[in-house]
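Hi,

Here is the structure for you to look over. My notes on the sheet follow below it.

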Amino acid sequence: MVPHTIDLLKEQLPVNQESVLLTGHTTTGLVLVDIVNGFCTVGAGNLAPTQPDKQISEMVEESVRLARVFCDKKWPVFAFLDSHHPDIPEHPYPPHCIVGTDESNLVPDLQWLENEPNVTLRRKDCIDGFLGSIEKDGSNLFVNWVQSNQIKAILVVGICTDICVLDFVCTTLSARNHRLLAPLEDVIVYSRGCATFDLPVEIAKTAHPQELMHHIGLYMAKGRGAKLVSEVSFDTKEP
């Protein structure tokens with residue numbers, strides 16, 4: 001898609017973003033969506049980038065930066081890991097992130113999270129992490145995480161902006177409005193901490209232009225009630 005067309009669409013579908021300063025006065029949780037090899041590591045699988053990708057690389061870098069700060073401060077972190085059973089396809093996508101393969105594991109720069117006491121990991125078998133957190137007894141691991149930590153805001157990063165991130169954000173906002181997630185108030189999406197894949201029309205019948213779909217994902221999230229930010233900082237006066 002030519003740059004002029006993308007610029008025109010961005011003009012017609014504006015995404016106004018703010019900055020956020022995180023302090024210890026409001027309990028904030030970090031949610032990492034599917035930052036796994038199968039979506040982020042070059043050549044790792046059917047849905048992984050085939051060559052180094054600037055948007056995905058920045059998403060990983062920003063997610064690592066935030067995760068380090070959250071863990072240093074002992075703030076709650078929740079990480080979704082896309083993990084599918086080989087006998088249960090997820091149409092229209094090809095097989096990806098199969099349970100037991102390295103595709104379904106966190107990218108190397110985030111694997112240290114597995115040993116952090118303030119981190120909750122959830123392997124999910126569907127696009128929407130909120131639904132993927134439902135246990136066999138009907139309880140929900142994500143809901144329990146919010147409530148047990150008395151989280152009032154979540155900061156969401158990950159991949160793909162317009163698919164797994166968007167679906168999770170939309171369901172979480174609906175659950176919040178349905179009073180299922182008290183005391184959660186704000187769902188914040190960090191644009192530079194999100195990314196999606198690029199599939200140009202020249203090589204695919206169903207194109208997925210990266211810059212455009214990333215923008216549309218953010219636009220839809222904001223339309224559902226999420227707060228969009230392009231900068232995340234922390235109060236340096238706090239320990």
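**Sheet notes**

In strand 7, Val229 is the residue opposite Tyr190. Please keep in mind that this is a predicted model.

That pair sits where strand 6 (residues 186-195) meets strand 7. The two strands run parallel and are joined by three bridges.

Glu18 stands opposite Val229. Strand 1 (residues 18-22) pairs with strand 7 (residues 227-234) in the parallel sense, over five bridges.

Now the whole sheet. How many strands does the sheet have, and in what order? There are seven, in the order 1-7-6-5-2-3-4. The sheet is open, and the pairing is parallel.

Strand 1 and strand 4 (119-124) are at the edges. Each has a single partner strand, so one side of each lacks a neighbour in the sheet. From one strand to the next, the twist averages 35°.

A helix packs on this sheet: helix 7 (residues 210-224). Helix 7 touches strand 6 and strand 7. The direction of helix 7 makes about 175° with that of strand 6.

Which residue of strand 4 is the bridge partner of Phe78? That partner is Thr120.

Then go across to Phe78 and Thr120.

Best wishes

Terms used:
Residues numbered from 1 in each chain as written. Predicted model: local features only at pLDDT ≥ 70, side-chain atom pairs only at ≥ 80, totals over all residues. Heavy atoms only, no water. Pairing = 2+ DSSP bridges. Helix = DSSP H or I, 4+ residues; strand = E, 2+ residues; numbered from the N terminus. Axes fitted to C-alpha atoms, helices over the stretch in contact; angles between N-to-C directions. Contact = heavy atoms within 4.5 Å.
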